[in-house]
Amino acid sequence: MSSLVMVGAQAGFFYRDFDLTWGGERAKISQGGQLLTLSLDKYSGSGFQSKNEYLFGRIDLQLKLVPGNSAGTVTTYYLSSQGPAHDEIDFEFLGNLSGNPYTVHTNVFTQGKGNREQQFYLWFDPTKAFHTYSILWNPQRILFLVDNVPIREFVNKESMGVPFPNKQAMRIYSSLWNADDWATMGGRVKTDWTQAPFTASYRNFNANACAWSAGKSSCASTTTTSSTTSSSDVWRTQALDANGRQRLKWVQKKFMIYNYCTDLKRFPQGLPPECKK
């Protein structure tokens, strides 16, 4: 029998849910497990990963990004499996010069292939306060949400031959690192190390998700009727309603700055099949 269980992680308790994986003292948990910080200096960045692996779920995490001149820095928050044919669902936050907006970079990898980038500006300053960044991943779709506002939807189009991440369990990873060879204005703006250390903060982790163990590769019973679905299970079959579609259109019209699905120069032989309406 599989040992798939629904996990409803309580907010906080980073000690219980995550391992600090690199960067030494640059990664810290404080406030009784309620706050996690990552720092970057000239010598190293830092990172952490979840103890659990998940196969489908809704992951929420509050972040406060590196303030001030964050040019050259990248803060990541993503789900990923392992190996050359890995699946991955990415949030990356590309720093910028003081007063200029962060770029939110999103991507979806299936069977080791990415190249599905969409990038956005935010409608607020993500360095002034904590904001909630969520990944909702069910067998039908992946939603990227910011403060519960959908910014991107990646729909399962396996029927069109497009791979969808639904067989490999993924851990949650996050890191803060130096990428000044590409992160800001294509690498033209370098990291100002006089501003170091750079620090990003995390709190209020929550996972309504299926934890994967014992080598099993599918969630138990992902089909539930509305009469038996609890509020914490809504993600299993969740789709965008009319209001959600309007909010997605608002974000993509006003704040999207790059969409691989409209980049004809990049795909002269034709856009990827999932881009077709």
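The paragraphs that follow go from the overall fold to individual residues.

This is a predicted model, in which local features need pLDDT of at least 70 and side-chain atom pairs count only at pLDDT 80 or more, while totals for chains, interfaces and linings use all residues. Residues are numbered from 1 along each chain as its sequence is written, and side-chain values use heavy atoms, with hydrogens and water left out.

The protein chain holds 15 strands and two helices, these being DSSP runs numbered from the N terminus (helices H or I, at least four residues; strands E, at least two). Of its 277 residues, 52% are buried, where buried means under 20% relative accessible area, exposed over 50%, and partly exposed in between, with a 1.4 Å probe and protein chains only. Where contacts (heavy atoms within 4.5 Å) link residues at least 6 apart in sequence, 68% of them join residues at least 24 apart.

As a background to the backbone, most residues other than glycine have a negative phi, and most peptide bonds are trans. Alanine 196 and proline 197 are joined by a cis peptide bond, with omega about 0 degrees, and proline 197 lies in the loop between β13 (170-178) and β14 (198-212).

Strand β14 also contains asparagine 204, a residue other than glycine whose phi is positive, near 55 degrees; asparagine 204 counts as partly exposed, at 32% relative accessibility. Phenylalanine 56, placed in strand β5 (residues 46-64), likewise has a positive phi, near 85 degrees, but phenylalanine 56 counts as buried because its relative accessibility is 6%.
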